[in-house]
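Open the model in your viewer and keep the selection panel at hand.

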Amino acid sequence: MFSWFTKQLRGIYWPRLLALELTIACAVMYVGNLALFTIALIMVLITWIYWNRYPTPLSLLIIALTSLAAWPMGLPLVVLSTVLLDRSLRLGNDKPWWFYLTPIMTSALIALLLQRPYIALYLAIPGVYIALMTMFSIARFYTVRITLTPDRELSITAGSIINYRLTITTRPRLRALIRITTPRSIKITPNTLRIDGEAILNASARYRLGGVKRPRIRLTLTDELGLISTTRVVMHPEITVIPRARAALEVARGLLAQASATGGEDVREVREYVPGDPVRRIHWKKSVKVRKLVIKLLEWRGSIGPMLVLTYTTNPEALDRIGEFMVYTTAEAVTRQSIIELHLLGRDGNLETYSVSRTNYFEIMNKALGKLESLGVELLGGTDAANIFDTIKYAAWLRVKDIPKEALLIVGQGVFVKPLCEAVSNAICISV
């Protein structure tokens, strides 16, 4: 029984008990005044029934009731009712400081005009308290240092998602309600939380284009009493976004290294090593397992025909996707065959042809990526408003008529690839 009573006192129930005790004390003090005694009894009943639903309005009514007590007996009652107001605000408040301060200080001024200085003094106690707490919160909110710290280095490829944990730290220690607003590329959960100096959040980021990103995070801070809210903007830790094409180059480096070790062929099975077999074809891992030297038996893979890349797009994201596809496909091609013909068609009609092999692969890919161009336009209804690209789209066939069409692979943005592919019926078209 004692433990239950202690739990209630430490929880949300002790303010209700204090409110009842204050109203009962007022009723006892106002026994000689029928009107005040009746009001106090009504307040006892209302507090008993409605405290859990309306703690803050009832706290204000109790302040008004206790301020009518005679001097100096009302002083401790008003102090206790101010404590009650503090607790009721902490239970939940969505009204600003002036909503409470204005009626309290107005009542105190009226009491002075009516020559009731002790009532004015009583009302000044909760009024001064609200004013001081408001100024204290404003000062803390504008001087606190807020930092965001991720649990690891943030580096991703454009278009992919990275999940991480983000720690919010305040110095000096701050207790407040925080609402977090992020740009569309960043998601943080939960976006509303109570912080006590530090909090850990789950975050994810996704960017469509490469670069070093430093997004701005907007934090709305609300003090524990709910009286004041301020907005702070903090910088999110740097996120390194690697362009798709550059990430593809690193993958291609591994593909070519593997192809050099196997001669560009697939491992079908192994057989025991005999003198005269190439040492580079020894399957060392398998040899250790079976305790004798074995070599890889390989089979050749198919070939890829010439590739035509339309180097112009309407936006940077499509440009990056085309570069990524070009890098991957040419890397796969040169692992299957010695040379692949790569044709780059620019928007001005300039056609450049490269013979790509393993030895010059990275040199040519860097040149080819430098040829890609974003036109920076917005399409309306699948085309540009002025149809200024009709010449680019429908004259492309004339520029590539001398390229062998057998097994031709055409890569580009859909709005430019479609008319060309309609003219070259036997080509393989990839819209990126």
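Helices (H or I, at least four residues) and strands (E, at least two) are DSSP runs, numbered from the N terminus. This is a predicted model, where local features need pLDDT of at least 70 and side-chain atom pairs count only at pLDDT 80 or more, while totals for chains, interfaces and linings use all residues. Residues are numbered from 1 along each chain as its sequence is written, and side-chain values use heavy atoms, with hydrogens and water left out.

**Stop 1: loops**

Select Pro 172, in the loop between S3 and S4. The peptide bond leading from Arg 171 to Pro 172 is cis, with omega near 0°. Now go to Pro 190, in the loop between S5 and S6. Here the bond from Thr 189 to Pro 190 is cis, with omega near -10°.

Next, pick Gln 115, which sits in the loop between helix H6 (97-113) and helix H7 (117-143).

**Stop 2**

Two strands pair if DSSP finds at least two bridges between them. Colour S1, S3, S7 and S5: in that order they make an open sheet with antiparallel pairing. Strand S1 (145-150) and strand S5 (186-189) are its edges, each pairing on one side only. On average, neighbouring strands in this sheet are turned by 30° against each other, direction ignored. For such angles, axes are lines fitted to C-alpha atoms (for helices, over the stretch in contact), and the angles run from 0 to 180 degrees between N-to-C directions.

Zoom in on S1 and strand S3 (residues 161-171), antiparallel and joined by six bridges. Pro 150 has Leu 166 in S3 as its bridge partner.

**Stop 3: the sheet with S6**

Now colour S6, S4, S9 and S10, an open sheet of four strands in that order, again antiparallel. Strand S6 (192-196) and strand S10 (229-235) stand at the edges with a single partner strand each, so one side of each has no neighbour in the sheet. Strand S4 (residues 175-181) and strand S9 (residues 216-222) run antiparallel, with five bridges between them. Find Thr 181; its bridge partner in S9 is Arg 218.

**Stop 4: the largest pocket**

On a 1 Å grid over the protein atoms alone, a pocket is an open set of points where a 1.4 Å probe fits, with protein on both sides within 12 Å along at least five of seven lines; lining residues have an atom within 4 Å of a point. Select the lining of the largest pocket, including Ile 161, Arg 184, Lys 187, Tyr 207 and Leu 209. Which strand gives the largest share of this lining? Strand S7 (residues 198-206) does, with three residues.

**Stop 5: helix H10**

Finish at helix H10 (residues 316-336), whose end C-alpha atoms are 31 Å apart. At 1.5 Å a residue, its 21 residues should span 30 Å, so the two values agree. That expected span is 1.5 Å times one less than the number of residues.
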